[in-house]
Amino acid sequence: MSLLITGAVLPDGTSTDLLVDHGVITELGSGLSQRGAHHVDAASLQALPGLVDLHTHLREPGFEQSETVLSGSRAAAAGGFTAVHAMANTSPVADTAGVVEQVASLGEQYGYVTVRPIGAVTVGLAGERLSEIGAMAQSRAAVRVFSDDGTCVSDALLMRRALEYVKTFGGVIAQHAQEPRLTEGAQMNEGALSSELGLAGWPAVAEEAIIARDVLLAQHVGARLHVCHLSTAGSVEVVRWAKARGIRVTAEVTPHHLLLDEQLAGSYDARFKVNPPLRRAEDVLALRAALADGVIDIVATDHAPHPLESKECAWQEASFGMVGLESALSVVQAAVVDSGQLSWSDVARVLSRTPAAIGQLAGYDAPFTVGAPANFTLVDPTARRTFSAQQLHGKSVNSPYIGRELPGRIVATVHRGTATVLDGELRPEEEVAARG
Amino acid sequence: MKHLLSVRELDLATAVGILDLAEDMADVATRAVPKLATLRGRTVANLFFEDSTRTRLSFEAAAKRLGADVITFTAKGSSVSKGESLKDTAQTIAAMGIDAVVLRHPASGAARVLADSEWIDAAVVNAGDGTHEHPTQGLLDAYTMRKTLHGDASRGRSLDGLRVTIVGDILHSRVARSNVWLLQTLGASVHLVGPETLLPLGIERWPVSSGTDLDAAIAEGPDVVMMLRVQSERMRAAFFPHEREYARQWGLDDARLARLAPDTMVMHPGPMNRGLEISSAAADSARSVVLDQVTNGVSIRMAVLYLVLSGGAA
Amino acid sequence: MAARTVLQQADITRALTRIAHEILESNQGSSDLILLGIPTRGVLLARRIGAILDELEPGSGTVGELDVTMYRDDLRAQPTRTPSPTRVPVGGIDGKTVVLVDDVLYSGRTIRAALDAINDLGRPRAVRLAVLVDRGHRELPIRADFVGKNLPTAVAERINVKLFETDGEDLVAISESPTSDRDGRA
């Protein structure tokens with residue numbers, strides 16, 4: 001099927017029509033027409049390159065009651081994503097070529113998004129010995145990002161070896177920076193509020209100390225480091241310092257750390273329990289500024305689905321994590337676009353081009369050019385909606401935004417030339433799978 | 001009052017009102033028949049996910065003196081100990097027709113979660129949630145201070161100007177938290193003393209003064225010295241090096257007892273570690289109001305149960 | 001909602017004086033007599049009657065306060081009521097003649113609660129009831145021994161008793177109730 005998009009506003013602010021055929025953009029300009037093409041009137045809609053998430057938990061294999069590759073892919077497409085990187089903390093853990101190939105091929109089969117598996121750094125995420133990094137890199141899944149996300153590679157020697165070893169395959173380690181001893185039993189950001197609420201504190205230093213150690217290790221061995229979900233002003237300063245010294249480090253922030261702060265824990269509503277925890281309001285401001293000035297390279301969702309019973313309980317018994325694929329762009333708009341800190345062109349950079357570059361995902365370096373793969377999304381930035389479970393398409397509903405008013409609405413998403421979302425609705429599985 | 005989850009919900013008038021009501025409840029105990037039929041036909045569920053025989057018995061006695069029926073779920077010997085969730089247990093007892101739940105839970109905020117949930121529409125009384133709060137303990141402590149100070153002329157009074165020093169493991173103490181905010185509401189000033197490791201981060205934003213020197217705090221001549229229970233697992237988690245060192249630095253020993261003014265109240269929420277945070281002489285001295293605290297606990301809990309259970313279409 | 005005054009200050013004083021005399025007469029003297037007022041206005045009336053008794057027979061006006069809140073049968077239907085203290089004169093009520101004093105007798109439920117409360121306090125020789133106004137509409141087999149004024153009323157009407165100590169004037173008035181619920185004056 002060919003697609004004709006008319007009147008879309010590109011990230012640079014110019015308007016254009018787009019013609020899509022056989023998975024690529026075949027024509028740009030005004031007054032385009034094509035017989036038989038499905039026409040999408042995009043007048044006043046913002047076109048963005050297909051969003052790329054470097055940090056998604058798809059839960060399959062092992063935790064299919066929370067999410068599957070299919071349900072997570074649909075959630076991603078509904079949020080404007082055309083590629084997601086699936087974290088390794090599944091069961092079995094993605095620490096062998098077999099698991100990563102299975103996840104990648106499921107993604108391929110469903111066709112809503114490109115699913116790029118992330119390989120575990122250590123066997124079983126146990127932090128003891130390196131997993132089959134080479135085998136995963138050379139598998140059909142061609143894994144390039146390795147992470148023990150959910151746990152920190154806290155052993156300094158193991159981290160050094162991992163940083164060195166992935167260089168062999170051009171990979172990158174994505175570190176979940178959390179010093180384990182400093183965060184034993186930790187429940188929320190440590191400070192006056194955690195003391196009042198009687199919830200065990202999660203000190204900022206537990207994150208900052210690991211990032212500081214890791215950037216020095218990366219410098220020492222000349223490796224690339226990616227820091228997952230930065231959450232404190234201190235972490236920003238460490239990364240800023242490292243970048244100034246020429247250390248090859250990239251950093252990500254989640255949408256929720258750009259919008260929400262620790263005060264929400266005061267309700268003891270476990271939907272707001274997340275790892276790393278929501279921080280102080282001043283941390284939120286520092287993260288926004290760092291995203292705007294480039295110290296933080298990308299936004300990644302850390303989409304973490306959990307079943308109802310993991311959240312309908314007392315705070316300290318609840319699981320960490322929030323779903324975020326469907327809300328990500330709206331939250332970024334609310335936090336940094338509507339305030340003028342980021343332009344739509346910046347959004348294209350932090351949610352598409354740079355995460356694709358870090359994940360070494362081809363086809364995202366020159367979007368909206370003739371011959372480029374047709375991965376893009378159309379957004380109505382003027383829409384406002386009260387976010388509800390209706391907007392969630394995954395298997396879990398642990399969103400912190402339910403009941404909150406958010407700006408922006410995804411009108412259409414196109415993955416490799418196939419519409420996965422049209423008129424704000426997901427396209428049926430058979431249709432997407434057949435064409436993808 | 002629909003629930004009692006935190007003392008921070010209580011303004012001065014309400015707090016004094018509860019203490020006054022507890023005076024009336026205490027009078028009941030002195031009557032020929034120390035029992036009322038006020039809550040006849042109503043059922044109170046004691047839901048204890050964490051063992052606390054004292055608190056459970058105190059609530060049981062309070063409910064029974066008001067004529068309510070009491071059913072008790074405790075951690076030992078029930079599905080609670082087999083990992084049944086708060087939600088499932090709450091729904092189970094809701095199905096039995098319960099008017100109020102007295103909840104003790106190891107997780108901070110559990111009472112709030114239960115009250116905010118739609119699992120049950122009964123009144124919820126927080127009987128201790130993790131390291132957060134223990135509101136009825138705070139109330140009974142305030143009641144004990146007021147009664148010791150003013151005797152029969154207590155009704156209507158706040159604790160204006162009273163100087164209270166609380167000593168020990170502030171960080172993990174729900175008793176300390178409930179006392180800090182309730183005493184502040186009642187007009188008392190609070191001083192917290194303990195090792196730096198057991199003083200919460202951000203304490204400078206609490207409505208208290210704090211320090212690490214117990215001798216200096218005693219030299220200030222406080223009206224009340226409240227000793228908190230110290231748990232030995234804290235030692236293993238490196239909060240302090242050794243029990244002996246703790247007792248030497250922060251224990252109310254005989255020498256420190258001797259330096260207290262004769263009318264200084266010595267309090268302890270119990271159970272006491274004699275010889276650790278408090279010496280036997282201090283615990284048994286004329287200054288000690290530890291047993292009064294236990295007695296007053298029943299009156300306070302009667303008052304609270306009456307308030308959460310009597311209101312209809314308010 | 002026009003209020004109609006039915007008792008003035010002089011009427012109230014006269015009624016209380018008569019009640020005091022009747023109490024002495026029926027008790028055949030002042031021995032072992034205790035007046036228990038029901039808060040709030042019953043307590044004030046009991047004190048006034050007690051003062052009159054003291055003038056008639058010095059030492060005869062022993063007055064206490066009896067709170068019945070905890071004995072009410074309508075706690076679930078009403079907003080939470082704050083109890084008042086119960087104060088029983090030294091020596092208790094065992095073997096004494098207790099005269100309950102209230103301002104208005106209506107359904108009789110307050111008096112039923114008061115009898116339960118007395119039951120928990122001890123065993124009096126006899127219990128009598130004195131009220132300033134009996135407005136009828138009893139729901140229980142209860143009657144007053146001493147009545148200041150019988151005042152036939154409609155259910156929709158409201159009896160408003162004002163006493164100098166709390167309201168700055170002595171007055172009993174009848175008005176139409178804005179709603180016809182049977183509120184506190186039971």
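## Domains of chain B

Domain bounds here come from an automatic or database domain assignment. The model is predicted. In chain B, the assignment gives two stretches, 7–134 and 296–310, to domain 1, while domain 2 covers 135–293. Taken over C-alpha atoms, the centres of domain 1 and domain 2 of chain B are 25 Å apart.

## Contact between the two domains

Where the domains of chain B meet, domain 1 supplies 27 residues and domain 2 supplies 28 residues. On the domain 1 side of this contact, the elements of chain B that give two or more residues are H1, strand E4 (123–129) and H12. H1(B) has the largest share of that side, with eight residues.

By class, the side of domain 1 of chain B that touches domain 2 of chain B holds 11 nonpolar residues, along with eight polar and eight charged ones.

## Contact between chains B and C

Chain B also touches chain C, in a contact with 17 residues from chain B and 15 residues from chain C.

The side of chain B that touches chain C comprises nine nonpolar, five polar and three charged residues.

## Elements found in both contacts

Conventions. Residues numbered from 1 in each chain as written. Chains lettered and ligands numbered in written order. Predicted model: local features only at pLDDT ≥ 70, side-chain atom pairs only at ≥ 80, totals over all residues. Contact = placed C-beta atoms within 7 Å. Nonpolar A, V, L, I, M, F, W, Y, C, P; charged D, E, K, R; others polar. Helix = DSSP H or I, 4+ residues; strand = E, 2+ residues; numbered from the N terminus.
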